[in-house]
Amino acid sequence: AVVLGGPSDAENFIDPTITEYSAGQFSIVAKSGGPTTGGRTDIGPLSKKCIFGEPFINNNGDVSFWGCTVDDSGMQHFGVFSASRGAVNVIASDRDPAPIPGTFIFGIFPSLDAINNDNGQILFQAGIAPIPLGTGEQFGLFIASTEGIDKVLESGDALGGGYVAPPGTIP
């Protein structure tokens with residue numbers, strides 16, 4: 001199977017949709033206006049204002065992607081999502097607690113894709129707020145699983161061999 005992300009109305013560049021193609025058939029995985037589950041406030045429909053990041057599909061048919069939602073108050077939240085067995089789940093979104101001091105920020109830069117594996121883990125990149133004075137922006141790579149979200153690497157961490165992820169950079 002393969003997944004494709006983009007607008008379903010290409011002429012007007014609206015209605016973002018993630019479509020799966022498998023065994024000669026197309027099926028909708030996630031689309032603008034579709035419900036989401038989980039997350040901080042069980043946030044609502046996928047936003048028409050946001051084109052999804054490049055989706056990834058694993059060998060189990062689970063799809064991960066970067067996108068945004070709109071909550072009941074109309075506030076937009078960027079984040080990382082997973083679609084499996086007909087449900088779209090919020091993995092992490094703006095202002096969710098990070099596994100390091102601070103909260104996630106997804107809307108300040110185009111995120112790298114959310115990449116999933118066959119073990120149900122999703123690797124993603126996010127900014128961290130608040131930004132300590134004089135440190136520059138903090139970014140990190142994180143891995144989500146059924147047990148929660150763990151830090152892989154953050155700005156300023158040693159990489160080995162004498163290399164360091166410079167502060168304020170995207171790892």
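**Figure 1. Salt bridge between aspartate 62 and arginine 85.** The two side chains meet at 3.8 Å, N to O. A salt bridge here is a side-chain nitrogen of Lys or Arg within 4 Å of a carboxyl oxygen of Asp or Glu. Aspartate 62 sits in the loop between strands E4 (56-57) and E5 (63-70), and arginine 85 in the loop between E6 (76-84) and E7, so the pair ties together parts 23 residues apart in sequence. Strands (E, at least two residues) are DSSP runs, numbered from the N terminus. Aspartate 62 is buried at 15% relative accessible area; arginine 85 is exposed at 78%. Buried means under 20%, exposed over 50%, partly exposed in between (1.4 Å probe, protein chains only).

The model is predicted: local features need pLDDT of at least 70, side-chain atom pairs count only at pLDDT 80 or more, and totals for chains, interfaces and linings use all residues. Residues are numbered from 1 along each chain as its sequence is written, and side-chain values use heavy atoms, with hydrogens and water left out.

**Figure 2. Salt-bridge network of Lys151, Glu154 and Asp157.** Lysine 151 pairs with glutamate 154 at 3.5 Å between the closest N and O atoms. Aspartate 157 pairs with lysine 151 at 3.0 Å. Lysine 151 is partly exposed, at 34% relative accessibility. Glutamate 154 is buried, at 17%. The whole structure holds three salt bridges.

**Figure 3. Proline 101 in a loop.** Proline 101 lies between strand E7 (87-93) and strand E8 (103-105). Its relative accessible area is 78%, which counts as exposed. The C-alpha atoms of proline 101 and isoleucine 128 are 8.1 Å apart, across 27 residues of chain.

Note on methods:
Helices (H or I, at least four residues) and strands (E, at least two) are DSSP runs, numbered from the N terminus.
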